[in-house]
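Please look over the sequence and the model shown here, and keep both in view while reading. The paragraphs that follow go from charged pairs to surface patches and then to some features of the backbone.

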Amino acid sequence: MEEQIRRGPSLLESLWRYRVIVMGVTLAMGVVGYLVGLQEAESYEAEGTLFLADPNLGDDLQGIVGSRISAEEYVPRQSARIQSRAVLQEAVELTGNRVSVDDLEENLDIDASIETLEITILVQDATAEGSAELVNAIAEAYRSQRREQEELRAEDAVAELRAQQTRLEEERNTLQQNLEADPGNIALPFLIQSLDARILDISGRIDATLLEVRLRGDGIESFETANPPEFPARPRPRLTAISFAFLGAVAAAMWAYWYAFKSQRVTSRTDPELVLGVPPLGEIPLYRMTSEDALTGLLRVDPAAAEAYEFVLSSIEFALADLDGKSLLITSTLPGDGKTTTTLQLAIAASRDRRRVVLVDADIRARGLTRVLGADDRVGLSDLAALDLEPNEVLRRYKFSEQSQIPVVTAGQRRGDPAALLRTHAFRKAMDRIEDSAELLIVDSSPLLAVADATIVAGSVDGIVIVVSHGTPFSELQKVRERLKFVSTPLLGYVFNRSDSSTAGAYGYGYGVAEDDDGQRRLLPGSRSRQGARNDEVREPRPRRRGDSDDGPVGHSKAS
């Protein structure tokens, strides 16, 4: 699975995920290609084929051994000769100079086959007759120049042979005269006979060379002349549309693959573990908040979600016990992941267990918890740090239900730069004093990737818990992991929020929480927790109204 995250979705998965975009881009590019194709000038393409003769045709007649030319060398050489400026210039002259050599070279294409010794000449022109005329002119110019070349080569070879023959004949005549003057010289007849044989051999070679020229000629066995094409080669809007659509599909597929890799998202409770390297502390099911009142919406959870929060609290307590700590910071990757709801529900679950839990709103920028409690005008955490107040001067007990009355330190008054305030020694001292008054301190902090506040506050608690919502991009979790490398406070784990899994919220029925003789909470397999059995007893507080006393269901009481 970890390797799959590094690689991202496969190409087919990416294409299927973004199939609408890929199909739309492909179709749009096809339409653009069709319109572009219609704008092309009309042109025709004619073709003619030259069938080359075997380049070694005359070798057998001359008895030449070891000088045979291979087709791999011969065919490309002739293809290059056809495209030479000399051949094209002669072809232009044959057609009355109606096109330039450069234009002809630009519209010329050669297709050669080494296996069959074929060279196909293709030329495009504005008219069908013109294209065929140019093809035939090129073939004629090539054959003419090739014929002249072969004749010149043969003439040079014959001239050299005849010069040798003349010298031998002169030498023979001299020897014949010597024999007539000295008939008794028996060596002279043998020398004359040897010269006669050499003269005869040269004469045969001259005849073979002339025969080779007649047989080979221009080196072309036959030429399939070009005929005017019936249909133009361009414009071809359909082919252009297909080409554009293919390029669009390739580009869209590359984008889909890249974007699918970049936008991988968390879909199961085990996914964040592969990036963060810490275990899941629990899984909160997705449920709908129907209340218009903010606080009532936060408190109104279904029994499955309430049971899941109980399980998360148990997991956190075990993790804190291993660290011998009692303070906890709740954060998330970005706003909207549900950290404030999680913070409040964990505090409620702890208070029902008769634990002295204190809830602190350290998100002094967004002030989410403070706003839903209607305590923006109350002194709180910022005042405790800036004015050196005592904890009991900022603690306010809020009654969320008959079983849950929780002391809360709200965000307090806005005081300049929040990050600068959180870095002060007075703030750390204030956090220590609040922690001394509680058995469990739960701090609602700002999201890790939004501002630096959470990493600063983390230095004043014993552990960190991250709320990871379903659909969180893996790239955001990787940024979180990089940011936490510089934080000394350990990351205890994460809470997977808004899960759509059928098993979410069912932990309490497979693993319960109970107390043993020493009062420690333990996971007991197969037992339902006592707190989970009371989930349906949580009452919804009514909204605060004018005239409510501080002891009302949702209001503020006197400082504890």
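**Charges, patches and backbone**

Arg85, Asp102 and Glu105 are linked in a network of salt bridges, a salt bridge being a side-chain nitrogen of Lys or Arg within 4 Å of a carboxyl oxygen of Asp or Glu. By this rule the count comes to 16 salt bridges. This is a predicted model, in which local features need pLDDT of at least 70 and side-chain atom pairs count only at pLDDT 80 or more, while totals for chains, interfaces and linings use all residues. Residues are numbered from 1 along each chain as its sequence is written, and side-chain values use heavy atoms, with hydrogens and water left out.

Helices (H or I, at least four residues) and strands (E, at least two) are DSSP runs, numbered from the N terminus. Which of the two partners is buried? Asp383 counts as buried because its relative accessibility is 1%, whereas Arg415, at 33%, counts as partly exposed. Here buried means under 20% relative accessible area, exposed means over 50%, and partly exposed lies in between (1.4 Å probe, protein chains only).

A second pair is formed by Arg433 and Glu390, whose side chains meet in a salt bridge of 3.7 Å, N to O. This pair also links distant parts of the chain, with Arg433 in helix α19 (residues 425-436) and Glu390 in the loop between α16 and α17 (391-394), 43 residues apart. Arg433 is buried, with a relative accessible area of 17%, while Glu390 is partly exposed at 41%.

Arg367 is found in the loop between β7 (357-361) and α15 (368-372), and it counts as buried because its relative accessible area is 3%. Leu117, in the loop between β2 and β3 (118-125), likewise has a positive phi of about 55° without being a glycine. A further backbone feature is the cis peptide bond that joins Arg234 and Pro235, with omega about 0°.

On the surface, Glu45, Glu47, Asp109, Asp111 and Glu224 gather in a patch of negative charge. The elements that give two or more residues to this patch are β1 (44-52) and β2 (108-113). Patches are made of residues with over 30% relative accessible area and no salt bridge, like charges being joined within 9 Å and nonpolar side chains (Val, Leu, Ile, Met, Phe, Trp, Tyr) within 5 Å. Asp and Glu count as negative and Lys and Arg as positive, while His and the chain ends are not counted.

Finally, in helix α21 (residues 474-484), Phe474, Glu476, Leu477, Val480 and Leu484 are buried. They lie on the same side of α21, because they cover an arc of only 155° around the axis, the arc being that of the directions from the helix axis to the C-beta atoms.

Notes:
Accessible areas come from the Shrake-Rupley method with a 1.4 Å probe; for residues, only the protein chains shown count as cover. The place of a charge is taken as NZ of Lys, CZ of Arg, CG of Asp or CD of Glu.
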